[in-house]
Amino acid sequence: MTENTPGSSAGPSPPADTAAADGSGPSPKSRRRRWLLSLTLPGCWGALLFACLSFTPSLLPRGGILQGLICGIDAALGYAAGVLAAWVWRAFADREPRPARRRSWTVFLLGAVIAFGLVFGVGQYWQYQIRRLTGVTDYNVPLAAVSPLIAALVFWLLLLAARGVRGLYRRLARLLRRRIGPRAASAVGWTVVAALVWATVTGLLLDGLVNLANETFSLRDTTTEEGAHQPTTTLRSGGPGSLVPWDSLGMQGRNFTGTGPSTAAIGKFTGRPAKEPVRSYAGLASSKDTESRAAQAVADLTRQGGFRRQNLLVVTTTGSGWVDPAAVDTFEYLSGGDCASVAIQYSYLPSWLSYLVDQSKAREAGRALFDAVYDTWSELPSGHRPRLFVAGESLGSFGGETAFSGEYDLRNRTAGTLFAGPPNFNTLFREFSDRRDAGSPEVQPVYKDGRTVRFANDPAAKIPPADRPWNGSRVLYLMHPSDPIVWWSPRLVYREPDWIGQHPGDDVLEQMTWLPLVTFWQVTADLPFATGVPGGHGHTYTTEYVDAWNAVIRPPDVTAQDLDHLKDIIAADK
């Protein structure tokens, strides 16, 4: 967003003060006013274009504040693009910049009012349609009305930041010209300034924020949420005889072992006597490193008799150690309580932040836990081994995948796998999706005729390909068409993905189109709000686990009425 010279194409602000009669230049006050207010006409046209495009629909509904933020960022990018395009044009035309005519500014202002007003109205209608598709009822009219003002503020802040960087470069280049040639001074100046900006953003700002967040959430990890109680049974970590103390489990670990369906609740659902499920967990405070933490969780699982149950579930948690209760509760209900679950914590940070900075920890935790469980499981007599299942949601699916090399490894070493909301960078997820069978859409791909791996948007419907056999171990990816975690990728900046070019999905507006830069920022802005929509949309997975686990576990004597009843139970607990 750097113009050739301040005010090189006269903007709507007053021109600079003319030289005084004695030949003096503009006053410092006048120069600063030009620096703050001057705009170029090509830049403004670019800003208008990108600002209008920011109202095009994305995956999830946007409130007024978020829309203003996106619009401001896009406008700043458009301004930079307009300035760059004008600079390139002048280079080919071999001429200097010249002030825009007043009539040109009049045409721009009139066009801006009409175009922005029309697009703003159409954008609100698109947002209404997205809210209807995703079941969102909240809508703040005042915030929507002030979103253009928020956009203007964001635009000016980014523009001034860019001009500050340009000013730093110019000062540095002037100093360097005293000792080296002008071309070398320009090159060195830009290199130094770019390095300073990068160091400031990644070193001071990003690392500082991550460290602050880590300290903040580590304190939160020492608390216990309402409803989580220390177990009085020997079948839970943190209970009597446990090898993992209750205080070391962390907040999410205490939620995992201190809650869950009771034996009576499971028996009421199945209509027959039920066993009490086993739950083993090790928090960050339980051990210093991931490998020993996994070994501790497996040792406690062995003490609890987890390897003597019919079904054993290995769960890779999300960032803060969270295990979706809908996933594990459903597994326990459908198993009649004759099951065990094990998980470990690898970070204090919440999922969205771990998604950015803790991917390596998720990978290490997923591999270490499964390997520790599998080592003990494989030593058991073949007729006395529990059915081994794997699960993970969001970043947990990323970590869970890392224990396996591909389709055959998943099929040979597990009885079934369920991954929900897999991030777009998941290695196996990308492999299965990119190599999908010809003619199958990316939003619900078919891989190798669905012989082992399948994908479901709504597992209550038939999971494609419904006409092909699905024998042996089943691997199921559960993903919503409107889940930005599943579809976000840096490649959105410059390349249209198949899931937009094809039919986007039942809860995604058909008018969603790919636009360079714009779509990337829109989907990026969807990420923090991915769980702020009702179940069945975005990154909120609840009752879908019932049909998904039913497809993977294949429990006997479970009817459609039983599944509907279980959905009511899971929805009520959620």
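Helices (H or I, at least four residues) and strands (E, at least two) are DSSP runs, numbered from the N terminus. By that count, the protein has 20 helices and 7 strands. This is a predicted model: local features need pLDDT of at least 70, side-chain atom pairs count only at pLDDT 80 or more, and totals for chains, interfaces and linings use all residues. Residues are numbered from 1 along each chain as its sequence is written, and side-chain values use heavy atoms, with hydrogens and water left out.

Start with the whole protein. Its C-alpha atoms fill a box of roughly 100 × 50 × 45 Å along the principal axes. The accessible surface is about 26800 Å², computed by the Shrake-Rupley method with a 1.4 Å probe, where only the protein chains shown count as cover for residues. Carbon and sulfur atoms hold 60% of that surface. Of the 574 residues, 51% are buried. Buried means under 20% relative accessible area, exposed over 50%, and partly exposed in between (1.4 Å probe, protein chains only).

Next, contacts. A contact means heavy atoms within 4.5 Å. Take the contacts with a separation of 6 or more: residues 24 or more positions apart account for 74% of them.

Now look inside. In soluble globular proteins, nonpolar side chains tend to be buried together. A nonpolar core here is a set of buried Ala, Val, Leu, Ile, Met, Phe, Trp, Tyr and Cys residues joined through side-chain atoms within 4.5 Å. The largest such core has 100 residues, and Val373, Tyr477 and Trp549 have the most contacts inside it. Helix H12 (residues 359-378) gives the most to this core, with 9 residues. Apart from this core lies another, of 19 residues, including Cys71 and Ala112. Back in the largest core, pick out Tyr477.

All 10 of the 10 residues of H19 (residues 544-553) are buried, so the helix is largely enclosed by the rest of the structure.

Ser394 sits in the loop between E4 and helix H13 (395-401). Is Ser394 buried or exposed? Ser394 counts as buried because its relative accessibility is 6%. Its contacts, not counting residues up to four places away in sequence, are Thr318, Ala420, Gly421, Pro423, Ile485 and His539.

Finally, the cysteines. A disulfide is a covalent bond between the sulfur atoms of two cysteines. Here a disulfide is a pair of cysteine sulfur atoms within 2.5 Å. How many disulfides does the structure hold? The count is 0. Cys52 is in no disulfide, and its nearest cysteine sulfur, that of Cys71, is 7.8 Å away. Cys52 is buried, at 13% relative accessibility. Cys71 is buried as well, with a relative accessible area of 3%.
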